[in-house]
Amino acid sequence: MNVVDLVRLFAESLDVGVLVTDAQLDWPGPRILYANPGFARMSGYEASEVIGLTPRLLQGQGTSREGTRQMQRALRTERRFLGCLQNYRKSGEAYLCEIDVRAIRRLDGEPEAFIAFEREVVRRRGRP
């Protein structure tokens with residue numbers, strides 16, 4: 001059983017979006033190996049549409065370049081990234097996404113893949 005199979009066992013039923021990418025951080029960036037149904041509901045992209053593509057497909061004009069640089073720096077220095085980015089659904093609609101990315105490591109400690117837990121941030125309205 002490989003990493004994707006193991007993640008699929010627990011992530012298929014989660015409400016949050018889960019992506020697994022390879023560990024290649026150089027351009028054009030990591031490639032998506034797995035996307036759960038929660039990701040499809042949030043982004044509008046079915047897993048079959050994104051496998052082999054980079055998560056950059058979710059970025060657009062309003063995506064913070066500083067935020068994406070912070071994510072790159074964290075992953076390159078083998079740290080966890082936790083932050084919010086403006087992403088874009090397949091329809092082009094922008095949404096605020098909280099992203100928690102961590103390395104999945106091989107036995108020798110080197111990153112084999114990255115796993116990202118993503119959820120849409122919905123601002124709560126106060127009482128009238």
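This is a predicted model: local features need pLDDT of at least 70, side-chain atom pairs count only at pLDDT 80 or more; totals for chains, interfaces and linings use all residues.
Together with Leu6 and Leu9, Met1 makes a nonpolar surface patch of about 380 Å².

Now to asparagine 36, which sits in the loop between strand 2, residues 32–35, and helix 2, residues 37–43. Is this asparagine 36 buried or exposed? Its relative accessible area is 1%, so asparagine 36 is buried. If we leave aside residues up to four places away in sequence, asparagine 36 touches Ala11, Glu12, Leu14, Val16, Gly17 and Val18.

Let me turn to the strands. Strand 3, residues 81–88, pairs with strand 4, residues 94–105, in the antiparallel sense over 8 bridges, and within this pairing leucine 82 stands opposite aspartate 100 of strand 4. The two strands form a hairpin with 5 residues between them, and in the turn glycine 92 has a positive phi of about 95°.

Strand 4 also pairs with strand 5, residues 111–120, again antiparallel, over 9 bridges, and here the bridge partner of arginine 102 is isoleucine 115 in strand 5. This hairpin of strand 4 and strand 5 has 5 residues between the strands, and glycine 109 takes a positive phi near 95°. When you look at these strands on the screen, remember that in a regular strand the side chains alternate between the two faces of the sheet.

Key. Residues are numbered from 1 along each chain as its sequence is written. Side-chain values use heavy atoms; hydrogens and water are left out. Patches are made of residues with over 30% relative accessible area and no salt bridge: like charges are joined within 9 Å, nonpolar side chains (Val, Leu, Ile, Met, Phe, Trp, Tyr) within 5 Å. Accessible areas come from the Shrake-Rupley method with a 1.4 Å probe; for residues, only the protein chains shown count as cover. A salt bridge is a side-chain nitrogen of Lys or Arg within 4 Å of a carboxyl oxygen of Asp or Glu. Two strands pair if DSSP finds at least two bridges between them. Helices (H or I, at least four residues) and strands (E, at least two) are DSSP runs, numbered from the N terminus. Buried means under 20% relative accessible area, exposed over 50%, partly exposed in between (1.4 Å probe, protein chains only). Contact means heavy atoms within 4.5 Å.
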